[in-house]
Amino acid sequence: EVTATAPAKKALSQDEIVIGAVFPMTGAIATYGQESVNGIKMALEVINKSGDLAKKIRLIVEDNKGEPVDSSNAVRKLINIDNVHAIIGSVASSNTLAGAPIAQQNKVPMLTPASTNAKVTMTGDYISRTCFTDDFQGVVMAKFAHETLKKSKALIIVDNSSDYSKGLAKVFSTEFTKLGGTLLGTTDEFTYTQKDTDFRSLLRKVKRQNPDVIFLPGYYTEVGLMLKQAKQLGMSVPFLGGDGWDSPKLQELAGPEAIKGNYISSHFSPDDQDPTVKSFVDAYTESFKQKPGAMAALGYDGMLVLADALKRAGELNHRNIRDAIAKTAGFKGVTGSITIDAARNATKSAVVLETTPAGMAFKQKVAP
């Protein structure tokens, strides 16, 4: 229906499938975007070569610089100007939460391969994800802290500018206390914001509380510096984090001493001996001269899931594509078997990795 406020929708291209991608290609979390897009392009090569789809996919990448405002502008452009069939993106839940309402309002399917905050898919029925949520990730790390590391006094440091960090902190704190652990202070007592670089006074405050484990659900830029400064202050308590740590830059920022003996939950391990994982890791390493991090694997899987949905959609309109994504079940990806549930979230395993100077070392796989 055409109303005065909504312009008539242009018909989608019949000759090709146009997919928009919104990722931070520059800015503080640029490695996430670069790795995601590397993974997406690798998947596209596989898809376009296979001839499974009658038409070729054309990818349009928009750089959101890791900023929410740029994310909503990018989504608007892809819908109004590029007339995309679907959007893949973004990473960092605050960015995805900024773009999702626009996709929902325009009824354009948007699939995030990597945003874990629970609120993302609650935006509406056109928004889905192919990664697990923080509800799962937070529980995994609380259990790991209490049951595997046998820690009983946890303190949480929160990035106040991040929906991702706040969401994870809340889940960890609930689960850790439920397991019988003690939480020192509250989740809004020890905080920082993105782009901070000096964490010494915060860390001194943390040290005085004498925790035996610290949960730091943040992104690698600040986390790397914080680990380094904690080591300089003589702190030797293990830090735990989530997939936001998973970047090849983390080791570099923290340095070889501070990186040792910390743990994170993530989506896959490049050391996993599963043949699907091995062949992906080999192909990626050959193309990009470094091992893939979680974002590369997630981008790859997200694109393959989207292509699989396009194949099953019949006539390629937004509604059909959305419905096909929602019916994804038992899709074998690099990050595990992917089934989209009724809330449009992926049910799948997580891995716990140990941070070492040589990279992330596989510790254990945790099924949902």
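Gln251 is buried, with a relative accessible area of 15%. The cut-off for buried is under 20%, so Gln251 qualifies. This is a predicted model. Gln251 is found in helix H8, residues 249-259. Its side chain reaches the backbone oxygen of Thr356 at 3.1 Å. Beyond its neighbours within four places in sequence, Gln251 is in contact with Ile259, Thr356, Pro357, Gly359 and Met360.

**Two buried loop residues**

Pro24 lies in the loop between strand E1 (17-23) and helix H1 (30-50). At 0% relative accessibility, Pro24 counts as buried. Pro24 and Asn64 are 40 residues apart in sequence, yet 5.0 Å apart in space, C-alpha to C-alpha. Leaving aside neighbours within four places, the contacts of Pro24 include Ile29, Tyr32, Asp63, Asn64, Ser90 and Val91.

Thr121 sits in the loop between E4 and E5. Thr121 counts as buried too, at 2% relative accessibility. Its side chain makes a polar contact with the side chain of Arg129, at 3.2 Å. Not counting residues up to four places away, Thr121 touches Ile127, Ser128, Arg129, Ala343, Arg344 and Asn345.

| Residue | Location | Relative accessibility |
|---|---|---|
| Pro24 | loop between E1 and H1 | 0% |
| Thr121 | loop between E4 and E5 | 2% |
| Gln251 | helix H8 | 15% |

**The seven-strand sheet**

Seven strands form an open sheet with mixed pairing. Their order is E8-E6-E10-E11-E12-E16-E17. The edge strands are E8 (182-183) and E17 (359-366), each pairing on one side only. Inside the sheet, E10 (residues 213-215) and E11 (residues 239-241) run parallel and are joined by two bridges. Phe215 has Leu240 as its bridge partner in E11. Helix H4 (residues 134-148) packs on the sheet. H4 touches E10, E11, E12 (262-266), E16 (350-356) and E17. The direction of H4 makes about 145° with that of E12.

**Helix H11**

Which residues of helix H11 are buried? In this helix, residues 318-326, they are His318, Ile321, Arg322, Ala324 and Ile325. Seen down the axis of H11, they fall within an arc of 165°, so they line one face of the helix. An α-helix has 3.6 residues a turn, so residues three or four places apart point the same way. The cover over the buried residues of H11 includes strands E3 (86-89), E4 (110-112), E5 (127-129) and E14 (336-340), along with helix H10 (294-312). Asn317 caps the N-terminal end of H11. There, a side-chain oxygen of Asn317 lies 3.3 Å from the backbone nitrogen of Arg319.

**The nonpolar cores**

The largest nonpolar core has 101 residues. Ile19, Ile157, Phe239, Phe280 and Met303 touch the most other members. Helix H10 gives the largest share of this core, 12 residues. Met303 touches Ile19, Ile40, Ala43, Leu44, Ile47, Ile57 and Ile88, not counting residues up to four places away in sequence.

Terms used
Residues are numbered from 1 along each chain as its sequence is written. This is a predicted model: local features need pLDDT of at least 70, side-chain atom pairs count only at pLDDT 80 or more; totals for chains, interfaces and linings use all residues. Side-chain values use heavy atoms; hydrogens and water are left out. Buried means under 20% relative accessible area, exposed over 50%, partly exposed in between (1.4 Å probe, protein chains only). Helices (H or I, at least four residues) and strands (E, at least two) are DSSP runs, numbered from the N terminus. The arc is that of the directions from the helix axis to the C-beta atoms. Contact means heavy atoms within 4.5 Å. A polar contact is a pair of N or O atoms within 3.5 Å; within protein, one must be able to donate a hydrogen and the other to accept it, and residues adjacent in sequence count only if both atoms are side-chain atoms. Two strands pair if DSSP finds at least two bridges between them. Axes are lines fitted to C-alpha atoms, for helices over the stretch in contact, and angles run from 0 to 180 degrees between N-to-C directions. A nonpolar core is a set of buried Ala, Val, Leu, Ile, Met, Phe, Trp, Tyr and Cys residues joined through side-chain atoms within 4.5 Å.
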